[in-house]
Amino acid sequence: MGIFSVFIINKAGGLIFQYDHYSQRPEVEKTFSFPIELVLKQQDEKLVVAFGERDGIKVGYTLMGVNGIPVEGRFLQNDGTDAMEIINSPHNYPINLKFGRTKLTTNEKIMLASMFHSLFAIGSQLSPEPHSSGIEVLETDGFKLHCYQTMTGIKFIALTDPRQGGVDALLRKMYEVFSDFALKNPFYSVDMPVR
């Protein structure tokens, strides 16, 4: 159980603050024979598992290494060889592939924040009556997304485990701390990133 991520988004949808609280990201290394049962596709300059799951390798995992050589994007770090050429060639087998979840880049975090802004702007238009707590919740099997929107339009978002309790109080406390330490700071400009 726990809190996975916290976001503060300004009224225009810009990311003001973001914090990830992750445990160690799982990495899975497996030796394959030709042909591999997984389908890899290039997505955002990375090779990602698009279809097929086995032995802890899941859809969405990124290729991180081939035969112990780290992969950056779709190319091996040591000589710039295309990883897909190695994987598609039968004479390179058996082959050892390493998969895992990569950390989000700064640009991916900004894109994610803008999606949250749009999601909760649409949600507030669909429900004419605000929730009694003032906190919107989007729930799935794997996580809960809690959003507290202030009167000024700033959104405090927490991505948590579905069983995590007390998130309403956490978001209100974040707003209180943000008001006390950022907004009362004479050197802080409204809607600028918090450091």
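The model is predicted: local features need pLDDT of at least 70, side-chain atom pairs count only at pLDDT 80 or more, and totals for chains, interfaces and linings use all residues. Residues are numbered from 1 along each chain as its sequence is written, and side-chain values use heavy atoms, with hydrogens and water left out.

Start with the overall count. The protein chain has three helices and 12 strands. Helices (H or I, at least four residues) and strands (E, at least two) are DSSP runs, numbered from the N terminus. Of the 195 residues, 35% are buried. Buried means under 20% relative accessible area, exposed means over 50%, and partly exposed lies in between (1.4 Å probe, protein chains only).

Now find the sheet. Five strands make an open sheet, ordered E2-E1-E12-E11-E10, with antiparallel pairing. Two strands pair if DSSP finds at least two bridges between them. E2 (15–20) and E10 (135–139) are at the edges; each has a single partner strand, so one side of each lacks a neighbour in the sheet. From one strand to the next, the twist averages 15°. Look at E1 (residues 3–9) and E12 (residues 155–160). They are joined in the antiparallel sense by six bridges. In one of these strands, E12, Phe156 is the bridge partner of Ile8.

Helix H3 (residues 167–183) packs on this sheet, touching E1, E10, E11 (144–149) and E12. Contact means heavy atoms within 4.5 Å. The directions of H3 and E12 make an angle of about 140°. Axes are lines fitted to C-alpha atoms, for helices over the stretch in contact, and angles run from 0 to 180 degrees between N-to-C directions.

Next comes a hairpin. E4 (residues 39–43) and E5 (residues 46–51) pair antiparallel over five bridges. Val39 stands opposite Phe51 in E5. Two residues lie between the strands, and Asp44 takes a positive phi near 50°.

Finally, turn to charge. Side chains of opposite charge can pair when their charged atoms come close. The structure holds six salt bridges. Each is a side-chain nitrogen of Lys or Arg within 4 Å of a carboxyl oxygen of Asp or Glu. Asp82 and Arg74 form one, at 3.0 Å from N to O. Both Asp82 and Arg74 are buried. Glu176 and Lys173 form another, at 3.4 Å. These two sit three residues apart in H3, so about one helical turn separates them. Glu176 is partly exposed, at 43% relative accessible area. Lys173 is partly exposed too, at 45%.
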